[in-house]
Amino acid sequence: MGRLGLNDLIKSRVVRPLDAVMPAEMPRNPLFGIRLSALTSTQSTTDLEAIASQFAGVPGGLLPALHAVQHHSSYISKEMIPVLAKLFNITVSEVHGVITFYKDFRTEKPAGPIVQVCRAEACQARGGREVWDKAQLEAQGKAVVVEEVFCLGNCALGPAVSVDGRLLGGVNATSITTVIGDAIAKRVPEDSIDSCGEGVTVYVPRDAVSRAAGADDVALALAAHSGVRVVRNGSWGMLWLEPMIEVVTPSGRVAYGPVLADDVAGLIKSDLLNGGEHALRLGPTLELPWLKRQQRVTFARVGLVDPRSSEDFEANGGITGLRRALSMSPSDVVTEVTDSGLRGRGGAAFPTGIKWRTVLDTPNTTKYIVCNADEGDSGTFADRMLMEGDPFTLLEGMTIAGWAVGASIGYIYVRSEYPEAIEALNKAIAGATSRGWLGDNVLGSGFSFDVHVRVGAGAYICGEETSLLESLEGKRGVVRAKPPLPAIEGLFGKPTVVNNVLSLGTIPAILSDGAAAYAALGMGRSRGTQVFQLAGNIARGGIVETAFGITLGELVNDLGGATDNGRPIRAVQVGGPLGAYLPTSKFDLPMDYEAFAAADAMLGHGGIVVFDDTVNMAAQARFAMEFCAIESCGKCTPCRIGSTRGVELIDKITSGVDRSANIEVLVDLCEVMADASLCAMGGLTPLPVRSALRLFTEDFNT
Ligand SMILES: Cc1cc2nc3c(=O)[nH]c(=O)nc-3n(C[C@H](O)[C@H](O)[C@H](O)COP(=O)(O)O)c2cc1C
Ligand code: SF4
Ligand code: FES
């Protein structure tokens with residue numbers, strides 16, 4: 001099969017002047033949170049006050065108001081701060097405090113388009129450090145803003161960059177010059193098209209990563225041919241094959257990939273519409289070995305369906321879980337979830353049923369369901385892919401949760417780095433409401449449930465559940481002390497279920513197929529399936545959903561095909577930036593929460609980042625401390641001060657200053673951070689540092 005580098009894909013993309021595409025199609029809903037800051041013209045303070053005032057009566061409305069002001073004016077001027085303070089009946093310093101907490105908000109007019117360069121681990125493993133260094137040099141003296149970002153959700157095909165919210169992948173230290181030049185010249189790729197046309201159905205994915213790889217151009221090229229019906233689906237998760245298109249033949253869907261717009265004419269000539277032979281033909285989709293090895297439960301419909309079609313969703317098993325739940329008592333629904341053995345997929349692995357029971361049993365007339373879609377961990381993108389590929393499932397899961405615990409309002413807190421997911425969710429909410437699956441009297445049951453999308457503003461700590469709740473309330477995302485648990489006093493002081501996207505996205509399958517079917521999968525106390533994400537320097541990166549118990553080595557070597565550049569693997573980081581680094585000698589570890597804990601590691605959100613033998617593990621340990629220093633909420637000393645001291649210590653160690661004494665101090669510091677931090681941000685940062693020190697000691701000696 002022909003395989004092209006992503007730089008070729010970037011180079012091959014059609015570009016046209018920004019002004020030609022943006023104004024008419026630019027989303028005016030600030031909740032979309034798309035960072036078009038440098039693209040919009042400045043408006044008067046009076047106009048901006050009118051825009052912000054729409055949020056004055058909305059609970060926690062300050063953050064959406066700030067997004068709206070910045071969206072329409074490119075920044076938040078000093079003059080707007082007292083205006084906002086008055087509108088929200090808070091002090092000027094409170095408004096200022098919120099603005100300065102979040103990286104997204106700016107108080108100076110940007111010099112030009114915003115180019116964000118990913119500095120996080122999965123991109124580092126693919127050359128991201130060089131891209132970041134070069135980008136900063138390239139931007140000097142130019143009408144552009146280059147800023148760091150920690151993960152854009154393109155972790156299998158990085159280094160990732162975004163230009164005013166449009167994602168790119170496979171950028172290298174050379175092509176970043178072109179990317180910045182195009183941004184300044186306002187040349188942007190073609191915008192996406194919806195499903196369209198009549199004739200033979202050809203699926204073309206529209207998720208963020210496929211779009212970054214050129215899927216929109218492919219969709220346009222196919223739509224130009226008569227007799228083709230283009231359907232925009234989500235990616236199946238075989239990201240190295242994106243854009244992967246599929247033609248529907250009488251014997252099923254046949255896949256081709258990776259396909260570029262320039263390939264389309266040749267494919268049509270080779271009888272694509274009948275599944276004809278071609279160098280890019282991969283074969284029947286469901287027979288592809290990567291998919292056949294999986295057990296898809298949460299991701300059962302991702303790739304299969306058009307995420308914007310409620311009919312497609314329903315025709316493929318959607319809404320059966322909700323129908324069954326509504327026929328049961330709330331308490332029985334909670335029991336079903338408990339019996340399934342589902343544990344939270346956000347990282348902490350807390351049993352979902354127990355959390356729901358606490359909320360159900362806490363008396364209050366107002367309760368909330370909050371979906372944590374902040375997905376800030378490097379190497380993770382499953383939440384994004386579910387929201388973009390099958391958003392109705394998440395809404396169904398949240399509605400079931402609402403029924404089970406007695407909540408009538410749900411919030412999805414999505415990071416601003418995910419504009420496609422935000423758009424997909426908003427479209428799905430509209431679709432579900434029109435079908436009677438959301439809103440008043442859901443499916444005629446008498447139960448009412450509404451879902452609102454809220455957009456984060458560039459703060460990793462807002463993935464921590466109490467910080468997220470503060471942010472939803474329109475405040476700085478400073479972590480709350482526990483107790484009280486959010487299940488008892490959560491959003492606006494009310495009992496609140498906070499669950500990850502994958503946890504809630506799994507609920508419909510548990511309700512439709514029964515707890516026993518789910519609990520039958522897995523090992524030990526890790527029941528069901530996990531949606532693993534293969535990222536970094538890996539040949540076949542993407543999504544693998546399978547039962548717990550598969551080994552790390554099977555995932556990385558058998559499914560992932562080892563490194564992308566063919567060099568030997570030296571380390572993998574499992575569980576995001578707070579997860580341990582493991583050498584290949586640990587590859588027989590089964591993917592199981594308890595097995596990982598016993599190995600001083602953690603599974604977290606299921607992300608696996610692969611590094612080759614050129615990685616410097618002291619540099620990775622330093623990055624862990626630096627990341628904590630940048631993202632700390634600042635509430636407690638071990639994390640706020642300890643992380644900065646940690647960076648300094650590692651610098652001393654690697655430059656040979658009192659090496660053994662400073663290693664001892666670093667070990668002590670890790671102990672203090674682990675034992676005395678208020679939350680897992682400071683508490684788990686020692687995990688990657690200690691693992692690097694313990695398992696890759698030699699890297700600290702040079
Ligand atoms: C620093 C930090 C970041 C976190 N980021 C996320 C996140 O992005 N998404 C998520 O679901 N959980 C995240 N969590 C875990 C949440 O605090 C919480 O446990 C989770 O949302 C609960 O949902 P679950 O039980 O379904 O996993 C984070 C925790 C910490 C300490
Ligand atoms: S550990 Fe860090 S992020 Fe967590 S509360 Fe303390 S300062 Fe905030
Ligand atoms: S996109 Fe860079 S680490 Fe995820």
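This is a predicted model: local features need pLDDT of at least 70, side-chain atom pairs count only at pLDDT 80 or more; totals for chains, interfaces and linings use all residues.
The centres of domain 2 and domain 4, taken over C-alpha atoms, are separated by 29 Å, where the domain bounds come from an automatic or database domain assignment. The contact between them takes five residues from domain 2 and six residues from domain 4, and two residues are in contact if their C-beta atoms, placed from the backbone, lie within 7 Å. On the side of domain 2 that touches domain 4, the residues divide into four nonpolar, one polar and no charged, with Ala, Val, Leu, Ile, Met, Phe, Trp, Tyr, Cys and Pro counting as nonpolar, Asp, Glu, Lys and Arg as charged, and the others, Gly among them, as polar.

Residues are numbered from 1 along each chain as its sequence is written, and chains are lettered from A and ligands numbered from 1 in the order in which they are written.

The protein is divided into domain 1 (6-16 + 110-189), domain 2 (200-292), domain 3 (310-519), domain 4 (522-610) and domain 5 (617-700). It has 30 helices and 22 strands; helices (H or I, at least four residues) and strands (E, at least two) are DSSP runs, numbered from the N terminus.

Let me turn to one sheet. Five strands form an open sheet with mixed pairing, in the order β8-β7-β9-β10-β11, and two strands pair if DSSP finds at least two bridges between them. Because β8 (228-231) and β11 (281-284) stand at the edges with a single partner strand each, one side of each is left without a neighbour in the sheet. Strand β10 (residues 252-256) pairs with β11 in the antiparallel sense over three bridges, and Val254 has Pro284 in β11 as its bridge partner.

Finally, which domains give residues to the shell around ligand 1? Domain 3 (310-519) and domain 5 (617-700) both do, so the ligand lies between them. Of the 21 residues around ligand 1, Gly344, Gly346, Gly463, Asn500 and Ser503 come nearest, a residue being near a molecule if its C-beta atom, placed from the backbone, lies within 6 Å of it. By class, this shell has seven nonpolar, nine polar and five charged residues. Both β15 (496-500) and α29 (680-684) supply at least two residues of the shell, and β15 gives the largest share, three residues.
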